[in-house]
Amino acid sequence: MRVCNYYLKQWLPKMIWVVMASLSLYLFFLDFPVRLDSYQTVCDAPNNGCLETSQLTVKEVNQLEEMGLSLKSYTGFRIALDIIEGLVFFVISGLLLFRKESMVFNLYVALVFLSLGAGISLSFPEQFPEWTIFYHFISIFGGTYLILFLILPDGKFVPSWSLLAALLWIVAGAGTLYLPGSFIDIETWPIWTSIVTWVILHLILVFSQIYRYIKKSDRIQRQQMKWYLYSIAMYFIALLCLNFIGPLGVTLKFATELFYTASSILIPISIGFAIFKYKLWDINVVIHRTILYGALSLFVILFYVLMVGLLSLFFQSEDNLLASIITAGIIAVCFQPLKDRLQSIVNRLIFGDRDNPYKILNQLNSILEASKSTDHVLPLVVKTLSQALKIPYVAVQLNERGSNQIVASIGEAQEAGVEIPLLHQGQKLGHCCFLIVLLLNLLARQI
């Protein structure tokens with residue numbers, strides 16, 4: 001019986017996934033002509049949903065032709081992005097089934113990814129009414145994507161009452177799809193009620209993540225959360241670029257569409273990293289590079305636009321070539337100092353004062369001089385190091401009666417750390433669990 005239950009728990013989710021994946025793939029290819037026709041249709045009403053369907057306007061088609069490209073080339077570009085996005089979602093979805101623990105949670109996440117990866121058009125039921133039931137069967141998991149962010153990274157609702165928000169979201173969605181016109185159909189509610197409900201659900205989502213991060217998460221779970229929260233932030237930045245920068249020109253539309261797809265792909269990848277706990281600590285490096293080069297790019301763009309405009313007014317010329325050359329020269333001269341300055345700020349924001357060990361030693365020296373009791377020295381030392389370097393765990397162990405005893409620590413012990421011996425006049429007093437070798441060597445000499 002136990003063997004039967006084991007194989008049932010291990011293979012039933014995989015069988016369900018295979019059936020759902022096969023159905024999703026079939027509907028994806030069935031929807032292909034609909035999607036193709038949508039991209040090849042020129043939108044003559046820019047304010048009526050062109051960006052949502054990724055259609056080009058008449059103006060953008062003319063710009064495309066001036067570049068020597070056709071509408072078919074844009075269609076191929078969009079179809080390629082859809083295929084790549086769907087492939088990534090499907091692959092990550094399948095990999096989740098190889099994780100043995102929390103199979104129900106893994107299956108739910110995998111089904112959400114299948115639904116989002118298929119990305120079936122909203123007009124699909126009108127084109128293929130005989131497949132409407134299967135369309136809703138696949139799409140309903142994608143429609144619960146917000147619930148996914150209420151239970152990540154461990155599959156539990158935190159706080160527990162956020163389950164009510166998830167149920168409200170499911171009831172409202174099911175009412176709109178399956179019981180149109182009923183009292184649970186959110187589209188029949190007064191407009192202000194729909195807006196308030198939508199805002200409250202998203203506020204609960206934000207509160208849930210903040211509460212989970214601060215109150216209920218350990219060190220590893222916080223790193224897990226950083227991965228998918230980073231991907232969500234990148235997604236919203238890409239969405240803003242798509243809506244506000246993309247319409248400025250067809251070249252920018254290509255760039256923002258590419259950026260938007262890349263940010264969409266980042267979501268399943270980051271969630272996969274978080275669930276599998278793969279290289280979690282690398283997220284700090286990723287965030288560091290994103291902030292640094294994002295801020296640098298934004299500054300260069302704003303400076304270039306501002307300087308070109310001012311120089312054009314100064315020279316009273318519509319020809320911006322000279323202004324562009326002068327601005328490019330200024331940027332070339334100032335780029336490296338600006339990069340170094342921004343990198344210093346970002347380093348301190350994320351990694352603390354790791355680039356300035358002597359500053360930390362001065363802080364420790366001040367603590368040692370100001371401390372009136374030796375009992376409080378080591379706790380203050382580990383606290384200062386943890387805050388200054390922004391690391392989760394610091395501990396000091398001393399040799400007492402032939403064994404190492406932790407006499408001061410802060411945070412939770414981690415599996416991978418660095419132990420630096422603490423020496424005094426050639427005698428080993430103990431060691432300190434830490435991450436930065438250089439600082440501990442300096443600290444050991446001071447102690």
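Which charged end sits over the ring of Tyr-213? Select Tyr-213 and Arg-222: the charged end of Arg-222 is there, 5.2 Å from the ring centre. (A charge sits over a ring if NZ of Lys or CZ of Arg is within 6 Å of the ring centre and within 35 degrees of the ring normal.)

Before you click on, know that this is a predicted model, where local features need pLDDT of at least 70, side-chain atom pairs count only at pLDDT 80 or more, and totals for chains, interfaces and linings use all residues. Residues are numbered from 1 along each chain as its sequence is written, and side-chain values use heavy atoms, with hydrogens and water left out.

Now for the aromatic pairs: the structure holds 15. (Rings of Phe, Tyr and Trp, the last by its six-membered ring, pair if their centres lie within 6.5 Å; planes under 30 degrees apart are stacked, over 60 edge-to-face, the rest tilted.)

Select Tyr-74 and Phe-254. Their ring centres are 5.6 Å apart and their planes are at 90°, so this pair is edge-to-face. Tyr-74 is in helix H5 (residues 71-96) and Phe-254 in helix H13 (residues 250-276), so the pair ties together parts 180 residues apart in sequence. (Helices are DSSP runs of H or I, at least four residues, numbered from the N terminus.)

Next, pick Phe-149 and Tyr-228. With centres 6.2 Å apart and planes at 50°, the pair is tilted. Phe-149 sits in helix H9 (residues 145-151) and Tyr-228 in helix H12 (residues 219-244), 79 residues apart.

Last stop: select Tyr-26, Trp-131 and Phe-134, which form one aromatic cluster.

Methods
Helices (H or I, at least four residues) and strands (E, at least two) are DSSP runs, numbered from the N terminus.
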